[in-house]
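Dear colleague,

I am passing on the structure below, together with some notes on what turned up in it. Please read them alongside the coordinates.

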Amino acid sequence: MAITDRQTATLALAHALSAAERGLPVIPLSATKLPALRSPHRGDPQPVLCRGECGLPGHGVHDATTDPAAVRALFAAAPWATGYGIACGRPPHHLIGIDLDTKSSTDSMAELQHLALRHLFTIPETVTVLTPSGGRHLWLTGPPDTVVPNSASRLAPGIDVRGTGGYLVGPGSVTAHGAYRIAPGTAHLAPAPCPRALLRLIAPPARTRSAAGSPHGQGHGLVQFVLAAQEGQRNTRLFWAACRAYENGLGDSLTEALTAAAVRAGLTEREARATIASADRLTANRGIR
């Protein structure tokens, strides 16, 4: 490893430890912005739905910790790490990331301002991280009893939301496209509480157990989508439905229903569970849930 690479890794660890000291759970990231450690179950003959219960690192955002010794151990296992991710939705801050993208022709900041005018909320002064592409991440905090799902351009074009099961690239991280840094004038700020009107837009209403299991409950449409699969579509439809379920915080509660639907559509239970496990890994590694 070249000296510059060692310096980058050392700085990434230092920034991660500083974030952990402020109560922000962290994981090491590679230059691709993906978790630096690969799953310890990738070679297993059977799919494994594990979120770190095995005690080994390599479970994406589920590895995130604020314990300094554990942070050092994660980075020691990934000496190629060039940055760190901050897990959203975790105590004590219950961080919510508003990702204002610049990859399209849409002015995402203007879109957020339009939402604020339309729904009568003020965009608070808060920690803001500038991305290498010219975008920005706004850090907000949410109530401990509210699960905010991850989403991409659902709120408005060019605006992604990082919530429970997702992560934000931390300031000081270096990626293949450049460095993430704190916006001038925001380093002294604490993450501001998410305005209630904005929270209502990004967080689904609380579901009762009876509603979740009813024909009109959330997730019913995904199960029906899998049930309607024809030969040649079954695996693709199941994978798509499972990804949407995990992105919206329903993956665990819908696993059995999606498995049963896939079996009724013609897949074997082993095939169904393997496909759902793949969707779980993909959404966890991409940080979009």
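Is Glu269 buried or exposed, or does it count as partly exposed? At 45% relative accessibility, Glu269 counts as partly exposed (buried means under 20% relative accessible area, exposed over 50%, partly exposed in between, with a 1.4 Å probe and protein chains only).

This is a predicted model, in which local features need pLDDT of at least 70 and side-chain atom pairs count only at pLDDT 80 or more, whereas totals for chains, interfaces and linings use all residues. Residues are numbered from 1 along each chain as its sequence is written, and side-chain values use heavy atoms, with hydrogens and water left out.

Glu269 forms a salt bridge with Arg273, the closest N and O atoms being 2.9 Å apart (the term requires a side-chain nitrogen of Lys or Arg within 4 Å of a carboxyl oxygen of Asp or Glu). The two residues are four apart in helix α9, and are therefore separated by about one helical turn (helices are DSSP runs of H or I, at least four residues, and strands runs of E, at least two, numbered from the N terminus). Salt bridges with shared partners join Glu256, Glu269 and Arg273 into one network. Arg273 also meets Glu256 at 2.8 Å, N to O; because Glu256 lies in helix α8 and Arg273 in helix α9, this pair ties together parts that are 17 residues apart in sequence.

Elsewhere, Asp160 forms a salt bridge with Arg162 at 3.9 Å, and both residues are buried.

Best regards
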